[in-house]
Amino acid sequence: MQDENLGYLWHTFTWSEHIPGMLSVLCFAACFAIALAIWRYREIQEKRWGRLGGLAGLKRLSDPERSILETFYMGLPGEMQNIILNDRKRFWQLLFNFCRAQTSAHPREVIRLINKIFPVLKFQHPISTLEDIQPSEVIAVQIDKRNLIARVDRVDREHQKLDLRFPEKGFEIASPLPASLYFYRPGIGETTMGGSLEAAAPGHALFALQGNQIQVGAQPRLMARVEMPVLLSPISAKTEEDAEPHILKGRSGYISERAFMIVFSSETSYNEEEKHVERWRMDVAIPNSSIHLHVSGKILASKRPQYYIFRLDALTPSSSKILGSIIKQSAPEPEKII
């Protein structure tokens with residue numbers, strides 16, 4: 001006799017009963033695939049941005065400048081993000097075009113960003129006259145309460161004017177307009193100029209400086225590598241009669257208006273007793289000149305083997321002018337002596 005309950009044990013499942021489970025599995029698999037794709041995309045982005053972020057650190061970008069760079073980078077298609085890391089010219093073109101759209105809101109930040117990443121010169125000196133300006137410098141131009149971006153195309157030293165090239169098609173100046181220029185040089189600082197823009201060829205304008213409206217912002221201290229013979233003698237409150245002054249001979253390495261990095265000659269003995277001398281007088285023979293600079297200061301230890309730091313006392317105006325001129329003409333860079 002057949003058991004009436006046996007039919008329940010051999011129940012046949014239908015497709016309608018499988019669908020909810022299958023949909024759950026498919027949804028889980030789809031979610032997992034999407035999460036994996038997002039993770040992979042972010043990993044690639046982080047690696048690429050890591051390279052660009054490393055550049056941002058190397059160029060000492062400020063937080064606003066770094067934010068502009070990141071916005072620019074994240075807005076690029078994936079393949080273009082990789083291209084700019086290997087194609088410097090393409091990187092410059094895309095960044096320049098992006099910054100044009102940002103100039104109205106962040107005129108100084110974008111100029112600093114471009115010039116930090118793509119400086120015209122490795123070592124530059126501050127701008128004090130029109131003649132100090134270099135062709136190809138990227139600057140901000142303010143006219144009629146508008147902020148524009150331009151490049152210096154040519155410096156007309158004879159007529160004391162700048163030929164500026166604008167990326168806007170059909171840019172023209174019909175009549176002279178008051179204008180202000182903003183320059184930035186990495187490691188040197190910022191400069192603004194007041195004057196007027198005059199008519200020139202389409203896409204260009206001539207800038208004429210009005211009077212001497214050049215305002216130099218805070219400038220970092222500079223140093224330069226200049227080798228000069230130096231002689232040092234101790235300054236003592238007490239002098240013994242008939243005592244022969246002890247002279248230390250050496251030469252400079254790097255110089256700034258605050259300190260010299262010096263190394264003593266092989267025949268010079270800088271012993272423990274002399275290390276207790278508080279102050280020294282230093283005589284510096286200026287190269288290709290009959291001028292001798294006389295300064296005073298302290299001899300301090302240096303992290304570089306065999307080198308010492310001569311920390312200068314306050315300089316006289318004439319001494320400061322001489323040192324400043326030498327540094328300016330000798331490929332200056334930000335001071336790192338002290």
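**Exercise 1.** In this predicted model, does Arg-258 count as buried or partly exposed, and what is its relative accessibility?

*Solution.* Arg-258 has a relative accessibility of 21%. Buried requires a value under 20%, so Arg-258 counts as partly exposed. Its salt-bridge partner is Glu-335, with the closest N and O atoms 2.5 Å apart. Arg-258 sits in the loop between β9 and β10, while Glu-335 belongs to the segment after β14, so the pair ties together parts 77 residues apart in sequence. Glu-335 is buried, at 14%.

**Exercise 2.** Determine how helices α5 and α6 are oriented to each other, and which kinds of residues form their contact.

*Solution.* Begin with the axes: those of α5 (residues 88–102) and α6 (residues 107–117) come within 10 Å and cross at roughly 170°. An angle over 145 degrees counts as roughly antiparallel, so α5 is roughly antiparallel to α6. Next, list the contact residues: α5 contributes, among them, Phe-91, Trp-92 and Leu-95, and α6 contributes residues including Val-110, Leu-113 and Ile-114. Finally, classify the residues of this contact: ten are nonpolar, one is polar and one is charged.

**Exercise 3.** Locate the salt bridge between Glu-65 and Arg-112 and state whether each partner is buried or exposed.

*Solution.* The closest N and O atoms of Glu-65 and Arg-112 are 2.9 Å apart. Glu-65 lies in helix α3 and Arg-112 in helix α6, so the bridge ties together parts 47 residues apart in sequence. Glu-65 is buried, with a relative accessible area of 1%; Arg-112 is buried too, at 16%. Both belong to a salt-bridge network that also includes Arg-108, Glu-109, Lys-116 and Glu-190.

Definitions and conventions: Residues are numbered from 1 along each chain as its sequence is written. This is a predicted model: local features need pLDDT of at least 70, side-chain atom pairs count only at pLDDT 80 or more; totals for chains, interfaces and linings use all residues. Side-chain values use heavy atoms; hydrogens and water are left out. Axes are lines fitted to C-alpha atoms, for helices over the stretch in contact, and angles run from 0 to 180 degrees between N-to-C directions. Helices (H or I, at least four residues) and strands (E, at least two) are DSSP runs, numbered from the N terminus. Angles under 35 degrees count as roughly parallel, over 145 as roughly antiparallel, 65 to 115 as roughly perpendicular and the rest as oblique. Contact means heavy atoms within 4.5 Å. Ala, Val, Leu, Ile, Met, Phe, Trp, Tyr, Cys and Pro count as nonpolar, Asp, Glu, Lys and Arg as charged, and the others, Gly among them, as polar. A salt bridge is a side-chain nitrogen of Lys or Arg within 4 Å of a carboxyl oxygen of Asp or Glu. Buried means under 20% relative accessible area, exposed over 50%, partly exposed in between (1.4 Å probe, protein chains only).
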